[in-house]
Amino acid sequence: MATKSPLTCLWVTLLAAGVASAALAAPAAAPAAAASSASGYNQPPKNILDVMRAPSPPVPVLSPTHERMLLVSWQDYPSIARVATPFLRLAGVRVEPRNHSKHDTPGGYGITPCASSFELVHIPDGAQTRIALPADACPGRPLWSADGKRFAFENITADSVDLWIGDAGTGAVRRVPGARLNPMLEDELQWMPDQKTLLVKLVPARMGPPPPEPLIPAGPSIQESGGGKGQSSTYENRDTLGSQHDEDLFDYYAAAQLALVDAGSLAVTPIGAVGRYETVEAAPDGRHVLVSAIRKPYSYVTTFDRFPHEVEVWDLAKRPNIAMHRIASLPLADRVPIGGVALGPRDFSWRATEPATLLWAEALDGGDWKAKVPARDKLMLSKAPFDAAPLEVARTEQRYAGISWSEQADLALLTEYDRNRHWRRSFLVNVDDAEQKPRLLWDLSTDEKYANPGSPVKRQLPNGATVLRQDGDAIFLSGVGASPDGDRPFLDKLDLKTLKSERLFRSDKSSYEQFLGFAGAGAQNFLTWRQSVMDPPNAFIRTIGAPLDAAAGEAVFASSSAAITRIPDPTPVVREIKKRLVKYKRADGLDLSFTLYTPPGYQEGQRVPTILYAYPLDYADASKAGQTTGSQETFTRLRQYRLLLLAGYAIIDNAAFPIVGDPKKAYDTYMEQLVADAKGAVDEAVRLGVADPERIGVTGHSHGALMTANLLAHSDMFRAGVATSGSYNKTLTPFGFQNEQRSVWETQDVYLKVSPFFYADKMKTPILIVHGADDANPGTTPLQASKLYEAIRGNGGTTRLVMLPHEPHWYAAMESNEQLVYEMLRWFDTYVKNAPPRAPAVAAAAP
């Protein structure tokens, strides 16, 4: 069982007594009424609670044959009781010891969500069948078999993670007896190529109790470095291993038994010995399986993915005597350059169109982006029976970023990425012919939005392998379709001989309609997921019709549509909120934009209290930084700060906050650009007659929280701020942060300048600091929040610290989210909406 920190125990005690935060005396009572729950957590007013507790629209999970889909409704907010379930921190993984489930998503970003319901939808008539899930079910995302006849999912219970299999024809589901999944290192569930069998990781039988914690320490925890640079990401120490007992616990909970499960009979057949298996992936032939197993020695400074690994291919043909072919023995990789890759084979994948051919990449530059070399990576290929030396089939000038196989043996799509330039290139290649020169397909900035060609549409072969969907010499591309007027998703057909494309479909300007997949073998009919400001998301089937005399960028064919699903609006009151795209320029002429939300009942020309939300992004090219993203035609949903619209606030949402510069020196002008970004947004909202210049607040999460604190320290534009889960002292992440690739020893002035902790004496604008007490995100440890609070308090500033018990980087529990909205509303009501007029000198300095 995990031991609670003294800080966590303190907050549990305080909240049980009805105290939201004991860090500072509460501000004056806000005029907005707020409820108080029996548990001691605070709640926002009822009109906000009603929206928070309304169900969210479901999401579609389309079968590979596109004959059916599952509409999956997710639980937005689990109870604090579930979030508070005890867990162990083991080398970057959070594990609940009682049932072996993963408590958290990778990186500590939030508890693994549960689905609340499954609806089976038949295409195209839309007939629906509700899946009868077990009582108190906590199912995960369903996984379809390639033939569309079955789906499998895991269900988390108090004592185990169970395996369930559903019949697509009837909707009936069955639990596989005795199959306790072990999802600790992922890859715990996949269909074998026969689509009748599942390959799973199970909790080994007869494990016995976990290793007990020694009453007397076996000795000190010792780490030693014998020289040589060891730059790596900064991890929160309590989530890495720290003792021999931690190693023993990791061995115990990571142990897994691989097994095959017959989807018809539900029989379970173990394969191989128990091991600490990370990657497990079956080859297209169903006979060979790629297996990556973790071995010792472990590290106390990095997470399990950098531990030593044995990479093998298992041949299941002669079970139970499995033949194992070793591909690589990878050593401990705890000295990887910032932003680099480990040495040795990596990024393994099976070739989709061959029975058992393995492809992987190896660095030629020491894994270091700073090295100047003619080629950064080489691609190696090895075929069954894996008794010959691997063959080098290609080299990439920049870092290998993946390969997509086509159905043709002589065609694949190879992509490389240049971190130094924020650039990517994709080539049409033939890995079987070294003499055939790669043909450049795309060559563009990764920051490019308007000219982004989209992603290739893929399909599953009968054996489950994924390939590019082709129509003769053409492939299909689907993308978000960014434009100066907002995102308009599209479907294109690209001729690989001429490299010219035609637009088959583009979402109209009054909705947001995304391509889901083709309906049938041809390209005449396809499925979309359509929504608008007034209409919740629903599935539609479209049929391509006659050619059109279309304008550039528009569809060249007419298409008709018919609704398949009819999902109702869960929160009609939210439709009273209006939003619009606003474009403006930064002082240096850079084009920027934001979405402006106005509250229900807003009258044009009325000035209202306003909150700015943003998340700064880094760009290598100023021409890309000003491109518009997002859509104003999506179905409006309210979460966290947006809920304050229901309390009369306007929201400057997702304001563009570009930080433009050479990626090698990303943050040299960070502060100047940050303030300029904010001033541009605030000035425009005031000019439109919506924002009251005397009543503007700012908020941001994670990197946006750093932005919030810095804006309060270095400008007078805002009356108050709310920073959630931020990092405020960058010297605590000395080997880089965000996209800053230099260490603190290389550019100490930059680290100090971007850290609001060192400007706490200048932070006189009220700031509410909120943080999850169990945040494991590298760089945003709870210590960051408590130290900033102490610094501001010690220098006489107005601040409040709220630590949410048991919460990771993103807050999961209903009670925690209610508390967050309560705190934000109370803070902004006190210091923004009802703030007294500022002193003349300060008011004159504000926009």
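1. The charged end of Arg 421 lies over the ring of Trp 423, 4.3 Å from the ring centre. Here a charge sits over a ring if NZ of Lys or CZ of Arg is within 6 Å of the ring centre and within 35 degrees of the ring normal. Arg 503 has its charged end over the ring of Phe 490, at 4.2 Å from the centre.

2. On the basis of the model: it is predicted, local features need pLDDT of at least 70, side-chain atom pairs count only at pLDDT 80 or more, and totals for chains, interfaces and linings use all residues. Residues are numbered from 1 along each chain as its sequence is written, and side-chain values use heavy atoms, with hydrogens and water left out.

3. The whole structure holds 24 aromatic pairs. Rings of Phe, Tyr and Trp (its six-membered ring) pair if their centres lie within 6.5 Å; planes under 30 degrees apart are stacked, over 60 edge-to-face, and the rest tilted. Tyr 667 and Tyr 670 form a tilted pair, 5.2 Å centre to centre with 45° between the planes. Tyr 667 is buried at 2% relative accessible area, and Tyr 670 is buried at 0%. Buried means under 20% relative accessible area, exposed over 50%, and partly exposed in between (1.4 Å probe, protein chains only).

4. Phe 735 and Trp 745 also make a tilted pair, with centres 5.3 Å apart and planes at 45°. Both lie in the loop between strand E48 (720-724) and helix H8 (748-753), so the pair ties together parts ten residues apart in sequence. Helices (H or I, at least four residues) and strands (E, at least two) are DSSP runs, numbered from the N terminus. Phe 735 is partly exposed at 25%, while Trp 745 is exposed at 61%.

5. One aromatic cluster is made of Phe 118, Trp 144, Phe 151, Phe 153 and Trp 164.

6. How many disulfides are there? The count is one, taking a disulfide as a pair of cysteine sulfur atoms within 2.5 Å. Cys 114 and Cys 138 form it, with sulfur atoms 1.7 Å apart. The link is left-handed, with -70° about the S-S bond. Cys 114 lies in the loop between strands E7 (101-102) and E8 (115-122), and Cys 138 in the loop between E9 (128-130) and E10 (143-144), so the pair ties together parts 24 residues apart in sequence. Both cysteines, Cys 114 and Cys 138, are buried.
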